[in-house]
Amino acid sequence: MRIEGSHVLLTGASSGIGAALATELTSRGAKVVGVSRRGDVRADLADAADRARAWDEALARLDRVDILINNAGVGLYQPSWRAPDDLVRRMFEVNFFAALDLTRRAVPPMRERRQGLVVNVASIASKVTLPWFTLYSASKAALEAHTRGLRIELRGSGVGAMLVCPGYVKTKFQASVLAGEVPPRLAHAKQFASTPEKVARAVADGIERGARTVLVPTVAGWGFVAASKVLPKLIDARMAAMMEDDDD
Ligand SMILES: NC(=O)c1ccc[n+]([C@@H]2O[C@H](COP(=O)([O-])OP(=O)(O)OC[C@H]3O[C@@H](n4cnc5c(N)ncnc54)[C@H](OP(=O)(O)O)[C@@H]3O)[C@@H](O)[C@H]2O)c1
């Protein structure tokens, strides 16, 4: 899909990957409107009424949406068996239901024009469940399943769907979780994280070449996914070790 001249609705453009993506897409000639609590269009995407208002406001500014990028997301570092229900539901609202809601608004006019793209920013956690992030992984796995099915539903319509699965990225994401704290060993791994600019370039390149899935970092990301399928016990053990305290 051509970025130059396209009109883009981007959620979560106020920080991290979304902010880098807004800069990247604008530099490639797109008109971008960001939607988030601190965005061009302000909305709490966990709230259905706010989402409806934000869609109308963004559409009024853009006139049409050629590319919808569902990037806003939030995490929750709590064991699945004791995470508070209200926080779990809030996370699913932002990570899954907001993306579904905006997609359902964006797709019918895209189908009429026989052109458009939905980009969903999931995570490597949608492909390999991260135990410090079990329910976050579940929300992103739901988003991945929706993206895969949507692509097939829309086959032949001129409208596509692309999945983005970043690994660890240097943003405020870990500090913005709804509750809990990053395991210490994982915090140390931040030095190996990708930059948001690298993810933004990979997403923009993926849009332009019509990619199905964009993993960043590509080789290490697919290697990790493959290892989790071929050597599941080993990967489970390595992830359990990541959750131990440093002095264990
Ligand atoms: N960083 C990573 O390691 C990593 C890895 C894999 C996937 N991801 C995914 O990448 C996406 C972007 O994350 P990031 O790393 O760039 O994190 P970030 O810097 O924390 O940015 C998150 C964005 O989501 C928006 N957002 C969060 N809750 C919202 C709500 N209730 N309503 C509206 N907007 C909301 C925030 O905007 P406001 O605060 O203005 O509302 C912000 O712009 C997320 O979907 C995340 O799950 C991140």
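(Helices, H or I with at least four residues, and strands, E with at least two, are DSSP runs numbered from the N terminus.) The model is predicted: local features need pLDDT of at least 70, side-chain atom pairs count only at pLDDT 80 or more, and totals for chains, interfaces and linings use all residues. Residues are numbered from 1 along each chain as its sequence is written, and side-chain values use heavy atoms, with hydrogens and water left out.

(Buried means under 20% relative accessible area, exposed over 50%, and partly exposed in between, with a 1.4 Å probe and protein chains only.)

Next, select Asp63, which lies in the loop between α2 (48-62) and β4. Asp63 is not a glycine and has a positive phi, near 75 degrees. With a relative accessible area of 62%, Asp63 is exposed.

Now select Pro109, found in helix α3, which spans residues 85-113. Pro109 counts as partly exposed, at 33% relative accessibility.

Then move to Pro217, in the loop between β7 (213-216) and α7 (218-230). A cis peptide bond, with omega of about 0 degrees, joins Val216 to Pro217.

**The sheet**

Show the strands. An open sheet is formed by 7 strands with parallel pairing, in the order β3-β2-β1-β4-β5-β6-β7. (Two strands pair if DSSP finds at least two bridges between them.) The edge strands, β3 (41-42) and β7, each pair on one side only.

Select β1 (residues 7-11) within this sheet. Is β1 enclosed or open? Because 5 of its 5 residues are buried, β1 is largely enclosed by the rest of the structure. His7, Leu9 and Thr11 lie on one side and Val8 and Leu10 on the other, and both faces are covered.

Strand β1 runs parallel to β2 (residues 31-36), and 5 bridges join the two. In β2, Val33 is the bridge partner of Leu9. Strand β1 also runs parallel to β4, with 3 bridges between them; here Val8 stands opposite Ile67.

**Aromatic rings**

Display the rings of Phe, Tyr and Trp. The structure contains 5 aromatic pairs. (Rings, for Trp the six-membered one, pair if their centres lie within 6.5 Å; planes under 30 degrees apart count as stacked, over 60 as edge-to-face, and the rest as tilted.)

Tyr77 and Phe133 form a stacked pair, 4.3 Å centre to centre with 0 degrees between the planes. Tyr77 is in the loop between β4 (67-70) and α3, and Phe133 in the loop between β5 (116-121) and α4, so the pair ties together parts that are 56 residues apart in sequence. Tyr77 is buried, at 7% relative accessible area, and Phe133 is buried, at 4%.

Phe96 and Phe97 form an edge-to-face pair, 5.0 Å centre to centre with 75 degrees between the planes. Phe96 is buried, with a relative accessible area of 14%, whereas Phe97 counts as partly exposed, at 36%.

Finally for the rings, select Tyr77, Phe133, Tyr136 and Phe173 together: ring pairs link them into a cluster.

**The ligand**

Which residues come nearest to the ligand? They are Ser15, Arg37, Asn71, Tyr136 and Thr171, of the 31 residues around the ligand. (A residue is near a molecule or strand if one of its heavy atoms lies within 4 Å of it.) This shell divides into 13 nonpolar, 12 polar and 6 charged residues. (Ala, Val, Leu, Ile, Met, Phe, Trp, Tyr, Cys and Pro count as nonpolar, Asp, Glu, Lys and Arg as charged, and the others, Gly among them, as polar.)

Select Ser14: an N or O atom in its side chain is 2.7 Å from an oxygen atom of the ligand. A polar side-chain atom of Lys140 lies 2.8 Å from a ligand oxygen atom. Taken alone, the ligand exposes 880 Å², and the protein buries 96% of that. (Accessible areas come from the Shrake-Rupley method with a 1.4 Å probe; for residues, only the protein chains shown count as cover.) To end the tour, colour α1 (16-27), α3 and α4 (134-153), the elements that give two or more residues to the shell around the ligand.

Key:
A polar contact is a pair of N or O atoms within 3.5 Å; within protein, one must be able to donate a hydrogen and the other to accept it, and residues adjacent in sequence count only if both atoms are side-chain atoms.
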